[in-house]
Amino acid sequence: MKLSFSDQDELFRKEVAAWLTTNLSGEFTKLRFRGGPGDEHMFPEERKHWEQKLAEGGWTCIGWPKEYGGRGCTIEKQVIFFEEYARAGAPGRVGHIGEGLAGPTLIAFGSEAQKQKYLPGIRAGKELWCQGYSEPSAGSDLANVKTRARFDAEKGKWILNGQKVWTSLAHEADYCFVIARTDPESKAHKGLGFFLVNMHQPGIEVRPIQQITGTSEFNEVFFDNAECDADDIVGAPGEGWKVAMGLLGFERGVSTLGQQMQFQNELNEIIRIARENGASKNPVLRQRIAKAHAELKIMRYNSMRMLSGSAWSDGSLQKEALIYKLFWASWHRELGELAMDVLGPECEILEAAPYQLSRLQAMYLFVRSDTIYGGTNEIQRNIIAERGLGMPKEAKVQ
Ligand SMILES: Cc1cc2nc3c(=O)[nH]c(=O)nc-3n(C[C@H](O)[C@H](O)[C@H](O)COP(=O)(O)OP(=O)(O)OC[C@H]3O[C@@H](n4cnc5c(N)ncnc54)[C@H](O)[C@@H]3O)c2cc1C
């Protein structure tokens with residue numbers, strides 16, 4: 001198992017860090033440590049400009065092949081980039097769904113025309129995407145989607161009707177990739193299509209959902225005869241499940257590894273407060289801080305173990321990776337609780353109106369969702385049991 005990066009990779013780390021130090025300045029200084037999970041509503045316009053700044057520097061889509069505007073970076077270099085990005089406190093990426101999900105999916109499954117049409121806008125940081133998977137009765141059981149897509153031969157377009165929910169950043173997005181049923185008689189994962197839908201059209205309504213943090217980062221999205229060009233279905237009608245599952249492979253992939261640096265930033269902040277307010281003298285809190293520190297190190301070593309395998313060279317995950325989501329999401333939820341206990345009574349107090357949550361308060365509330373999105377903890381345990389340990393498949397309700 002490798003425990004460190006190569007000299008060449010470390011040089012790349014210096015290059016990334018230097019670019020971020022130089023460019024995360026001037027008008028972008030205020031974006032430092034802003035716009036991450038739970039803080040997504042902050043500075044949306046400025047963060048869109050930042051996307052374009054990154055693109056000008058060649059720092060968007062670095063893992064994409066060069067022919068599509070990427071840098072063709074190895075997994076190791078991508079992890080380094082995400083680590084340095086978080087270490088520098090660079091802002092939450094409004095373009096991450098396009099860069100991390102839509103783009104790689106189009107590269108893997110899209111037609112050449114779709115690649116030419118959509119990849120440059122993502123690469124330039126100018127076109128934002130959202131993910132239209134979940135519905136009121138299709139979350140963990142994603143194959144239960146009810147949104148319908150009917151081909152209108154006269155118009156030469158797909159017509160979509162239905163509802164999505166929890167659609168992150170739909171209010172900012174220019175496009176949405178939508179799973180919809182092309183065969184109304186079909187059940188489960190058969191008869192689905194994967195559509196690339198323009199959000200700027202009369203048939204789409206986006207309604208924000210207010211979260212416990214008081215902000216709205218995700219939405220309900222209603223399709224009422226929304227239109228989609230005939231060429232904007234990825235794969236054939238009925239093949240949507242294959243494409244949708246391919247995309248989830250990217251979701252659980254490399255970009256999550258860099259977030260450990262963001263976790264380290266949060267833990268450092270908790271330690272700083274504990275030192276300041278005397279919580280560090282409390283033996284139980286000291287023990288919990290030490291546990292959080294040790295487990296963050298374990299998270300890193302597990303990432304390095306995943307990186308050591310040859311399977312990583314083609315971007316696919318090894319079995320060790322199956323435990324990663326469950327581990328980091330549960331760890332992060334506990335970190336939120338630790339932050340509140342270190343803050344003590346202060347964690348329950350907000351300064352004068354208009355009430356603004358502090359970064360740690362927002363983190364505490366938001367991390368409750370870490371164990372839900374991207375596959376809940378229970379679903380992760382099923383995956384570990386079935387794919388990792390080879391146990392019998394979960395019984396399905398008929
Ligand atoms: C912050 C956030 C952002 C999101 N962004 C998006 C987005 O951009 N696009 C999108 O499409 N979706 C998004 N989602 C939705 C997310 O994918 C779903 O919430 C998730 O898949 C769970 O589905 P559900 O909410 O319908 O819960 P359900 O699937 O109804 O689950 C409810 C409970 O039952 C448990 N459960 C369900 N099935 C099983 C089983 N087979 N075995 C054991 N336990 C089970 C679950 O673990 C959970 O505890 C987002 C969610 C959150 C919290």
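In the predicted model, an N or O atom in the side chain of Thr376 lies 2.6 Å from an oxygen atom of the ligand, a polar contact (a pair of N or O atoms within 3.5 Å; within protein, one must be able to donate a hydrogen and the other to accept it, and residues adjacent in sequence count only if both atoms are side-chain atoms). Ser168 places a polar side-chain atom 2.8 Å from a nitrogen atom of the ligand. For Ser134, a backbone N or O atom is 2.7 Å from an oxygen atom of the ligand.

The ligand lies between domain 2 (129-239) and domain 3 (252-388), because both give residues to the shell around it; the domain bounds come from an automatic or database domain assignment.

Ser303 is located in helix H8 (residues 283-308), helices being DSSP runs of H or I of at least four residues and strands runs of E of at least two, numbered from the N terminus. With 5% relative accessibility, Ser303 counts as buried (under 20% relative accessible area; exposed is over 50%, partly exposed in between; 1.4 Å probe, protein chains only). Its side chain reaches the backbone oxygen of Met299 at 2.9 Å. Apart from neighbours within four places in sequence, Ser303 is in contact (heavy atoms within 4.5 Å) with Leu257, Gln260 and Tyr324.

Residues are numbered from 1 along each chain as its sequence is written. Local features need pLDDT of at least 70 and side-chain atom pairs count only at pLDDT 80 or more, while totals for chains, interfaces and linings use all residues, and side-chain values use heavy atoms, with hydrogens and water left out.
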